[in-house]
Amino acid sequence: MSILEKKKLEEANEHVRLAEKHLKTSPLKLKFSPDWDPAGDEFSRAATCFKVAKDYDQAKTCLLRAVDCYKEIHSIFQAGKMLDQAVLVSRDMGKLEDIAKLAERGALMYRQVNKPEAASTLLDKAAKMLEKDRPEDATGLYEKAAETVSTEDRPNVAAEYMGKAARLYVRTKDFDSAIGCLRREVEWRREAGTQAGQAVMGLILIELKRGDRVASEKVFREWGGWLDGNQAKAVTNMFQGFDDQDFGQVDGALNSTAIKELDLDFAKLARDIPRPKQREGGEEGDEEDLGGLC
């Protein structure tokens, strides 16, 4: 332990002592209720010192005690800030399993005091921490962020968050959830008047991956107008190739520039979509290898 860390540890313990003193009642001194506000402040200061000293367990404990103190005096915004900090401490501790719950609690408190921007920022920040190791937690946080900003008449921002959730669902092969998120993304982008081509292409590819050619074509008929020229051409060629059982045409469409320029999760998905069986010696393709796409 360095000299600085030792000093900060001593300071932290002193702040905890003072916080505990504020929480004590004394009928003899006519103090019948704790001094919640200064106690919360002292726990917050202690948490800062513990964090500098790299005693993350104590830092997190103090932050959560500060939350309880601020809630007692209905200082909800300040309690939310303590949970915001607890998210960062949990990351530093490697306690990723605690992040989603803390972020959701903090965001709820921010919303209660009409701070939706702070709520969505916290949810987004926490989700980014979890994308790699706990994508199943990150998706829920992105969806909550989308819902939060959607109430503030910000459909384009809501669409961005919902799109992030959808792409994570694709990554984890939860295609039903991905479709639900992408449909909501398209609706919000329509409301905002912004480009929805990526989301529509994602829906088309996911339905093909699931083997539902009919659903894929329905998406194209319903929302194909959102695609740019290259995207529409790739989809048209792909469907025509399936109709003709033409491996080369389908493979060419799925490896076209329009597909490769999609978000990485969609581009990777295209590689796994079943193609018609490659013809040999001029023989027709075998429908058994089409994965139900025809």
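This is a predicted model: local features need pLDDT of at least 70, side-chain atom pairs count only at pLDDT 80 or more; totals for chains, interfaces and linings use all residues.
Asp272 counts as partly exposed, because its relative accessibility is 42%, and the scale behind that word calls a residue buried under 20% relative accessible area, exposed over 50% and partly exposed in between, with a 1.4 Å probe and protein chains only. Asp272 is found in the segment after α15, the helix of residues 264-271, where helices are DSSP runs of H or I with at least four residues, strands are runs of E with at least two, and the numbering starts from the N terminus.

Residues are numbered from 1 along each chain as its sequence is written, and side-chain values use heavy atoms, with hydrogens and water left out.

Staying with helix α15, Leu264 is found there, and at 54% relative accessibility Leu264 counts as exposed. Leu264 and Met129 are 135 residues apart in sequence, and from C-alpha to C-alpha they are 19 Å apart in space.

Now to the aromatic residues. How many aromatic pairs does a search of the whole structure find? The search finds two, where rings of Phe, Tyr and Trp (its six-membered ring) pair if their centres lie within 6.5 Å, and planes under 30 degrees apart count as stacked, over 60 as edge-to-face and the rest as tilted. In one of these pairs, the ring centres of Phe77 and Tyr110 are 5.5 Å apart and the planes are at 50°, so this pair is tilted. Phe77 belongs to helix α4 (residues 76-93) and Tyr110 to helix α5 (residues 99-112), so the pair ties together parts that are 33 residues apart in sequence. Are these two residues buried or exposed, or something in between? Phe77 is partly exposed, with a relative accessible area of 34%, whereas Tyr110 is buried, with a relative accessible area of 3%. Phe77 has another neighbour to look at, since Lys115 lies over the face of its ring, at 5.8 Å from the ring centre; a charge sits over a ring if NZ of Lys or CZ of Arg is within 6 Å of the ring centre and within 35 degrees of the ring normal.

Let us turn to the backbone. Most residues other than glycine have a negative phi. Asn114, however, has a positive phi of about 60° although it is not a glycine, and Asn114 lies in the loop between α5 and α6 (116-130). Asn114 counts as exposed, at 60% relative accessibility. His74 also has a positive phi, near 60°, and its place is in the loop between α3 (56-72) and α4. With a relative accessible area of 67%, His74 is exposed.

The C-alpha atoms of Ala119 and Glu104 are separated by 8.5 Å, and the two residues are 15 apart along the chain. Glu5, in helix α1 (residues 3-23), is buried too, with a relative accessible area of 16%. The side chain of Glu5 makes a polar contact with the side chain of Lys54, at 3.5 Å; such a contact is a pair of N or O atoms within 3.5 Å, where within protein one must be able to donate a hydrogen and the other to accept it, and residues adjacent in sequence count only if both atoms are side-chain atoms.

The largest pocket has a volume of about 190 Å³. Of the 14 residues that line the largest pocket, the closest to its centre are Glu160, Gly163, Lys164, Arg167 and Asp263. On a 1 Å grid over the protein atoms alone, a pocket is an open set of points where a 1.4 Å probe fits, with protein on both sides within 12 Å along at least five of seven lines, and lining residues have an atom within 4 Å of a point. Grid points are joined across faces, edges and corners, and the volume is the space filled by probe spheres set on the points. Which element gives the most to this lining? That is α8, with seven residues.
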